[in-house]
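Visitor: I would like to learn how to read a structure like this one. Please take me through it feature by feature.

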Amino acid sequence: MNFTFRQLKAFEAVARHLSYTRASEELHLTQPAVSMQIRQLEEHVGLPLFEQIGKRIHLTDAGRELYHYSCAIAAQVSELEMVLEEMKGLQRGHLTIAVASTANYFVPRLIAAFCQRHQGVSVTLEVTNREALLNLLAINAMDLAIMGQPASSDPVAHPFMENPLVIIAPPDHPLAGEKGIPLQRLAGEGFVVREKGSGTRASTERFFAEHGVAIRATQQMHSSEAIKQAVEAGLGLGVLSLHTLEMELALNRLVILDVEGFPIRRHWYLVHPRGKRFSKVGEAFLNFTLEEAGHVLHLPTLPRS
């Protein structure tokens with residue numbers, strides 16, 4: 001088969017996102033250019049790689065096989081680039097970081113501080129949820145991941161900063177300002193929750209289940225921003241990382257409820273596959289984060305009861 005690496009790279013991006021639009025944005029190409037690369041690759045392979053059902057595309061059996069091998073090829077090319085960059089030291093290099101959407105509130109500041117020290121380094125940042133992060137880790141598709149709830153099995157996880165989860169409400173909520181609110185008082189409250197696959201939602205559901213309290217999930221949102229706006233509008237209470245609330249707390253648009261057992265104490269983790277071979281840039285960012293995150297990041301403090 002006489003296909004090119006450019007075609008394979010375009011295919012890998014479309015297969016990973018299952019979206020021509022997102023793939024074209026990642027590759028900095030027009031959508032027709034990406035579509036043309038896929039058509040040429042299908043001609044070389046002699047089989048369709050995608051099928052469209054409704055408005056969504058899906059991998060065919062041939063596409064799934066090719067995706068498996070394209071990930072392996074991309075990993076080998078990335079390792080080659082890493083070896084060559086190591087020969088140049090930290091004057092140049094590229095870093096790919098995938099983060100949970102909640103972490104995107106502070107990770108850009110961390111990256112900016114790192115790049116100030118190593119100005120020849122470029123960074124690609126992929127923002128997604130926990131489930132997608134675990135899939136990316138499984139295929140070794142990034143240098144490092146930042147998430148709040150790593151898997152208990154294969155990935156290596158380095159805690160580097162606290163990630164407390166708090167209950168938020170609008171300032172005029174009847175429970176606002178009360179001290180030591182019993183968990184049972186929340187049983188009748190509606191909650192605006194994150195989507196399935198979110199680490200915040202998993203931690204919240206586990207906490208209430210362990211304490212024998214059933215909460216009502218009345219609304220489901222796919223981002224912290226959407227939850228904050230919904231809570232502010234009075235659609236229910238919410239549970240979010242304190243790190244997402246700096247502006248809303250300062251402007252008194254939201255308040256943190258003083259609830260028994262809260263905050264839920266968690267950490268942020270730097271995660272990578274076991275046995276990962278780091279470039280000098282990847283190793284430098286890992287060490288920088290573990291040593292400097294507390295000094296670089298100025299995050300909101302938890303209000304005292």
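Visitor: How many helices and strands does the protein chain have?

Guide: Helices (H or I, at least four residues) and strands (E, at least two) are DSSP runs, numbered from the N terminus. The protein chain has 10 helices and 12 strands. This is a predicted model, in which local features need pLDDT of at least 70 and side-chain atom pairs count only at pLDDT 80 or more, while totals for chains, interfaces and linings use all residues. Residues are numbered from 1 along each chain as its sequence is written, and side-chain values use heavy atoms, with hydrogens and water left out.

Visitor: What share of the residues is buried?

Guide: Buried means under 20% relative accessible area, exposed over 50%, and partly exposed in between (1.4 Å probe, protein chains only). Of the 305 residues in the protein chain, 46% are buried. Along the principal axes, the C-alpha atoms fill a box of roughly 70 × 50 × 35 Å.

Visitor: Among contacts between residues at least 6 apart in sequence, what percentage joins residues at least 24 apart?

Guide: Contact means heavy atoms within 4.5 Å. In the protein chain, the figure for that set of contacts is 76%.

Visitor: Which residues of the largest nonpolar core touch the most other members?

Guide: A nonpolar core is a set of buried Ala, Val, Leu, Ile, Met, Phe, Trp, Tyr and Cys residues joined through side-chain atoms within 4.5 Å. The largest one has 26 residues, and those touching the most other members are Phe106, Phe114, Ile146, Phe160 and Phe285. At least two residues of this core come from each of β3 (93-100), α5 (107-117), β5 (144-147), β6 (156-162), β12 (267-272) and α10 (280-296). To follow one member, take Phe160: leaving aside neighbours within four places in sequence, its contacts include Phe106, Ile146, Trp268 and Leu290.

Visitor: How many salt bridges are there?

Guide: Side chains of opposite charge can pair when their charged atoms come close. A salt bridge is a side-chain nitrogen of Lys or Arg within 4 Å of a carboxyl oxygen of Asp or Glu. By this rule there are 14.

Visitor: Which residues are linked in a network of salt bridges?

Guide: Glu12, Arg16, Arg22, Glu26 and Glu126 are linked in this way. Arg16 pairs with Glu12 at 2.8 Å, N to O; both lie in helix α1 (residues 5-17), four residues apart, about one turn of the helix. Arg16 also pairs with Glu126, at 3.6 Å. Arg16 lies in helix α1 and Glu126 in strand β4 (residues 121-128), so this pair ties together parts that are 110 residues apart in sequence. Arg16 is partly exposed at 22% relative accessible area, whereas Glu12 is buried at 12% and Glu126 is buried at 18%.

Visitor: Where do Arg117 and Glu292 lie?

Guide: These residues form a salt bridge, with the closest N and O atoms 3.9 Å apart. Arg117 is in helix α5 and Glu292 in helix α10, so the pair ties together parts that are 175 residues apart in sequence. Arg117 counts as exposed, at 53% relative accessibility.

Visitor: How far from Glu42 is the nearest side chain of opposite charge?

Guide: Lys and Arg count as positive and Asp and Glu as negative; His and the chain ends are not counted. Glu42, in helix α3 (residues 31-45), is buried yet has no salt bridge, and the nearest side chain of opposite charge, Arg39, is 7.2 Å away. The side chain of Glu42 does reach the backbone nitrogen of Leu49, at 2.9 Å.

Conventions: A polar contact is a pair of N or O atoms within 3.5 Å; within protein, one must be able to donate a hydrogen and the other to accept it, and residues adjacent in sequence count only if both atoms are side-chain atoms.
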